[in-house]
Amino acid sequence: QIRYSIPEELTRGAFVGNIAKDLGTDVAKLAAANLQVLSDSDSQYFSVNVNTGVIMVSERIDREQLCGQNPRCFLHLKLAIENPVEFYRIEVEILDINDNPPEFPSDEVSLRIYELASLGARFPIQPAQDPDVGTNTLQTYHLSANDNFNLNVKAHTDGGKFPELVLERALDREFRAFHYLVLTAEDGGSPPQSSKIRITIQVLDANDNHPVFDRPSYGARLVENSPLGTLVVKLNATDVDEGPNGDIRYSLSSHNSAALRQIFAIDEQTGEIRVQGNLDFEEATVYEIEVEAKDMGSPTMEEHCSVVVEITDVNDNAPEVILTSFSSTLSEDALPGTVVAVIHVRDRDSGEQGKVLCHVSPDLPFQLRKDYEHQYSLLTSTRLDREHVAYYNVTVSASDLGNPPLSRHTILPITLIDVNDNAPQFEQASYEVLVAENNPVGSVLVTVSAADPDSEQNSRLSYSILRAGGTDPGLDPTRYLSIHPTNGQVTAKFPFDYEQTTYLQFHVEVSDGGSPALRNRTLVHVFVVDQNDNAPRVHFPRAGEDSATQLRISPSIVPPALITKVVAIDADSGRNAWLSYHLVEATDLGLFSVALRSGEVRIMRALQETDASEHELLVVVRDAGEPPLSTAVTLVVLVEEKGPEALQGSEAQAADGGGLPSITLYLIVSLVLISTV
């Protein structure tokens, strides 16, 4: 057996060995012996020059391909010689040369390491592979300089070397999220060969950082009554963590009141705070909103900030009128300056918009007095008269100083309480009444009516009859008359007799129900109107009842001689007392006549012998009443030679002289009274 050693990767034709020399055989013999080289492998890496006996490399020899990682690599050849047949075994050791650098599986490797990984943690790196052997193979690793990792190389019993990254210093993703290292694998060749792999270490985030607002507090200013959806402020918080750990959600802190939560809302994604309720400066001038920002890590981390929202006042509140004290009723005799109401005014706005001025209409008998900043008193300014105005609606107008101003009107109903300050007043200062005599008992003669502008008890009237001054003391009106105390109807207790009473005068007094009562009077004149209730009564010639009066005349009487005069009186007056005389019946109607007004009975012609000696005359005295009343007197005229003509004439004259003046006076008085009525 012949052994040769050659390095790998020799060029074709490279000398391996001289067989002839090594076998001690002549070269020519080898050529004659038909030398053949047989290889155990499929490839013919070697050839023999039979002329020289030199073995040469005929193909490229790659030790790593032939033997891999075996520390020794051999190619076996068989050398055959004929005549005689002989076999020689040739063993060619292929020596390794440093023709292969160490190689990593890839040019780059990525590691994902949790930033809270413990110190000393190890992170294996796929080792480099070097097909060379011996000292030419991988010998060591080198790690680029860094602050966090060291290199540890583990050696296996098979000679393999496995690199590991050892965490020597804590990672902080927020400080450095990626670490870029270079691991170099180097063999022991001369010169050494090496290869590198880039190691990218991604530090996996741990939720070790809480969100941070870009400012500790925020401020905003809004006008009250801002529309819903108005942006208040946009918050900005950042979390240096990544992924869910850096994903921030905004919310209102639980420290906020329920009322505040109804006014403001926050978008959990954008951090925009918007108005969702009514902003009222009068309820709150400043809102302090506590906001929290939470990340989505596990466990979550949060941060808080405050948002101070100042509300700017606008004139959106009308003044309020509050009655501290108020009496809806007021005595009409209240003096000017009497306090009717105490009014408190307020305006929930601020500044000039919260200042309030009050006033009432100058046309009313009331005025406002400002007691101090927010209080007014409503006073009477003049005398009041319930009978003129019984009820007032006093409008108190309160206006603020805003622009435009707002106002509120409050109506105070005031009712005046009646005071008995008005005496009853009759509709007429005096009443004149015509009453027909013989009136029925209880008949209403007149109704007196009075009015009292006061009210209720003060206007309840009561009537009574008083005796009028200057009236005949014997004519007490209460004897004849009565009056209804409430309706003023004057009625007669007895029928009037004109012939006894022609005129009656009395006072009617009315008094109200006030305390003290007020009174008034009216004068009532009662004129009794005569009725034709008396028939004429014959005063002359006097005759007994159912008897006739005899008169004697001389047959020689000269016409128109006055025989007699019928004198009658009627107790009635006026037309009822106007009497007329009528000759109704006579023995000879053409012989006598009766004067219509005077009642004189005269003979109208001279007596003749054929005339009767006795004449009966029926004279009727009739008044002018409706219906007329009458009285008849019968005169019997006797014709005698020695009749007492003178006597009858003197009696007639006497009767005429005595009766006419009284009748005339009576008639004149009656006419005057009738004319007066």
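**View 1. The disulfide of the predicted model, formed by cysteine 67 and cysteine 73**. The structure holds one disulfide, a term used here for a pair of cysteine sulfur atoms within 2.5 Å. It joins cysteine 67 to cysteine 73, with 1.7 Å between their sulfur atoms, and the link is right-handed, with 65 degrees about the S-S bond. Cysteine 67 is buried at a relative accessible area of 14%, and cysteine 73 is likewise buried, at 1%, where buried means under 20% relative accessible area, exposed over 50% and partly exposed in between (1.4 Å probe, protein chains only). This is a predicted model, in which local features need pLDDT of at least 70 and side-chain atom pairs count only at pLDDT 80 or more, while totals for chains, interfaces and linings use all residues. Residues are numbered from 1 along each chain as its sequence is written, and side-chain values use heavy atoms, with hydrogens and water left out.

**View 2. The largest nonpolar core, around Leu235 and Phe264**. This core, a set of buried Ala, Val, Leu, Ile, Met, Phe, Trp, Tyr and Cys residues joined through side-chain atoms within 4.5 Å, has 28 residues, and those with the most contacts inside it are Leu235, Phe264, Ile273 and Val291. Among the elements that give two or more residues to the core are helix 4 (258–263), strand 20 (264–266) and strand 22 (286–295); helices (H or I, at least four residues) and strands (E, at least two) are DSSP runs, numbered from the N terminus. Leaving aside neighbours within four places in sequence, leucine 235 is in contact (heavy atoms within 4.5 Å) with residues including Tyr218, Tyr250, Ile273, Val291 and Cys305. Cysteine 305 is itself buried, with a relative accessible area of 3%.

**View 3. Phenylalanine 264 and its surroundings**. Phenylalanine 264 is placed in strand 20 and counts as buried, at 1% relative accessibility. Not counting residues up to four places away in sequence, phenylalanine 264 touches, among others, Leu222, Val232, Leu252, Arg274, Tyr287 and Val309.

**View 4. The lining of the largest pocket**. Of the 16 residues that line this pocket, Gln69, Thr137, Gly159, Gly160 and Lys161 lie nearest its centre. Strand 10 (138–143) and strand 12 (161–167) are the elements that give two or more residues to the lining. On a 1 Å grid over the protein atoms alone, a pocket is an open set of points where a 1.4 Å probe fits, with protein on both sides within 12 Å along at least five of seven lines, and lining residues have an atom within 4 Å of a point.
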